[in-house]
Amino acid sequence: MSQDVELDGVTMRFGAVTAVRDVSLVVKAGEFFSFLGPSGCGKTTILRILSGFTEPSAGAVRIGGRDMAGIGPNGRPTALIFQNLALFPLMSVWENIAFGLEVRGVGKAERRKRAEALLDLIALPDAADKRIDELSGGMKQRVAIARALAVEPQVMLLDEPLSALDLKLRQHMRAELRAIQKKTGVTFIYITHDQGEAFTMSDRVAVMSRGVLEQVGPPKAIYDDPATPFVATFVGENNAFTGPVALLADGVAAVETPFGPLRGRAGPGLASGAAAVLFVRPERLREATPGDGANRLAGRVTHVDFEGNFANVFLKGPDGSAILVQLANDGSGEPPPEGATMDIAFDPANAVVLPDGPRARS
Amino acid sequence: MSEVFRRYGAPLGLMILLLTGIWVVAMVVLPYFVMVEYSFHPNLPGPEIGGPKDIYTLDNYASLFRGIDILAWDFPDDFRVFLRTIWGSAVVTAVCLVVCYPVAFYLAKVATPDRVGFLLLLLVVPFWINEILRTFSWYIILAFNGPLNAVLLALGLLDKPVRWLSGSGGVLIGMTYAFLLFMMFPLYNALQTLDRNQIEAARDLGAPGWRIHWRIVIPHAKPGIAVGCIMVFVLAASSYVVPALLGSPGTRWFTETIYQWFFEGQNWPRGSAYAFVLLGLCVAFILAMMRIFRVGLTDIAK
């Protein structure tokens, strides 16, 4: 039913600006795949290239092995869900859903039947004759999905469709989208700047920055093993310690930082003496115990944000650098008071060392 | 009303209301009332006005329709002119719609903002010239020995020159030109509010261009189409200058008939009655448009 989507060296230039630079990847049939990145990273351009509204300046898009060059949006086996949904306000719900079938010359009775079947799928069985403006945000969302599914696309393209919803509904719709994708087996390609959305729904995530593909992988790999400083800082919170590589052996690298040498897992492309960054997640830092030898640092507590299930402790190192420690509210102790000095440590396996490079703006 | 008082205070507010009231009554209500009154009286010489012969009558209205013989397809002159005015105005309206729709769509949804400004300027500039001058320029263009015939002959599209001004052609061309913008702007405004994503969504679902227009763009533009049609039809039906300048004796317009009854026939009651028939026609057209396009008065006011 669904097919692989292949981007092969796709580049998009608008005048002097390169919006997408040499992106190559394969989205597997039936996969829920997300493009994650800040606004202006080129993810929406990729979506428009996939849907056929824009032709790439260079490179090819293949769906099921077929080159899509010269095939417009109405000839592609894709269906796009717009950020603002773009439901047709002058048509009833079922006419919206059946529009793609109407275009294909399906008779009215059959159209109605298939629209009703889709309304069952999205759990809105009684909405067929409602007007669009009678629906709530979440219902509109589902109708947009049903309208796209009606043309039986091999690939669904979704352009941040949840961004207009409030938080509760957004979280609910994540689960629902995932369920619909599982049920239909259609390949979903999802565009978002929200890592929570990308992580909870996707089989794999592609992180983009300034038109360049930074990393592709399952959510956990993106979070735990960032491939570039951009991914490490854009996805979640991270503490960064910069300095030259002092030691590189057995997959472990030591970085010479103001706190002394700190060790972590060596990422790709490191060279001894070259500028590098050690990243360690706030939740992987802990209060040091007397047994901790290496990988120790200390800072003065500037303030503490209590969030409920955890507390963010903001520290200032002797060189003025900011460090964030996240302490789980697991009954093991109280966070230190402001002004106190806190000794912290981390396991080298919980840190990653990467060649220095551009980071995400925070 | 209370808003006026709240904003300007009682004395100034009262003044504003009073002046507006005087304006409406003296300039709008009273003249109409006098005309209505005229239209229901016989045309009498001065001394007999107010006398026993001065009674209320429907004769002035009835005279327009008197002598119609549908079976013989025979109509009295005034009624023939009335029918021609309806037919001609409808043709002008239809032509304006057909000409404006693609242009308005291009302006609203295709052209870049710089180009829109330039094109709108080009559309508006001719209308800075007085209507009579504009109409006269068409008189020159369409003349037997005028530039239009010369160009068409030179291009080999005509064997011999055409008398554009002898039939209804000149009037229809002149009116289409004169009232084009009254169709263009309502359409342009309506189309501008159409979300481009709607068009793209329809395309993405596989719709070819004509179906996108039929199912998405035209339904969205309905209020604009209705307003444009109403404007053009009403202006065409009540136009005097264009038929007077570009018409021939065989193509009299109903406005000219009304003028003749007033000033040549010295029959003000008959003229008033005919004027109200024209008003009735326009109101009927407006109501029909509202019904056909299912738009309300508030949509039109927008």
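Predicted model: local features only at pLDDT ≥ 70, side-chain atom pairs only at ≥ 80, totals over all residues.
Biologist: What does chain B span along its principal axes?

Modeller: The C-alpha trace of chain B spans about 75 × 70 × 40 Å. Of its 302 residues, 36% count as buried. The accessible surface of chain B comes to about 17100 Å², and 71% of that belongs to carbon and sulfur atoms.

Biologist: And what about contacts along the chain?

Modeller: Take the contacts in chain B between residues at least 6 apart in sequence: 63% of them join residues at least 24 apart.

Biologist: Now a single helix, please. How do I read one?

Modeller: Here's the general idea: an α-helix has 3.6 residues a turn, so residues three or four places apart point the same way. Our case is helix α4 of chain A, residues 108-121. At 1.5 Å a residue, its 14 residues should span 20 Å, and that agrees with its end C-alpha atoms, which are 20 Å apart.

Biologist: Which residues of α4(A) are buried?

Modeller: A:Arg111, A:Ala115, A:Leu118 and A:Leu119 are the buried ones. They cover an arc of only 105 degrees around the axis, so they sit on the same side of α4(A). Exposed residues turn up on the other side of α4(A): A:Ala109, A:Lys113 and A:Asp120.

Biologist: What covers the buried residues of α4(A)?

Modeller: The cover includes three helices of chain A: α2 (93-97), α3 (99-103) and α5 (137-150). Look just past the end of α4(A) as well, where A:Ala123 takes a positive phi of about 60 degrees.

Biologist: Let's finish with one residue. Where is B:Arg215?

Modeller: B:Arg215 is in helix α10 of chain B, which covers residues 209-237. B:Ile199 is 16 residues away from B:Arg215 along the chain, and their C-alpha atoms are separated by 10.0 Å.

Biologist: Which residues is B:Arg215 in contact with, leaving aside its neighbours within four places in sequence?

Modeller: Look across to chain A for these: B:Arg215 is in contact with A:Met91, A:Glu95, A:Phe99 and A:Glu102.

Definitions and conventions: Residues numbered from 1 in each chain as written. Chains lettered and ligands numbered in written order. Heavy atoms only, no water. Buried < 20%, exposed > 50% of the residue type's maximum accessible area, 1.4 Å probe, protein only. Contact = heavy atoms within 4.5 Å. Areas by Shrake-Rupley, 256 points an atom, 1.4 Å probe, with all protein chains shown as cover. Helix = DSSP H or I, 4+ residues; strand = E, 2+ residues; numbered from the N terminus. Expected span 1.5 Å × (residues − 1). Arc of directions from axis to C-beta.
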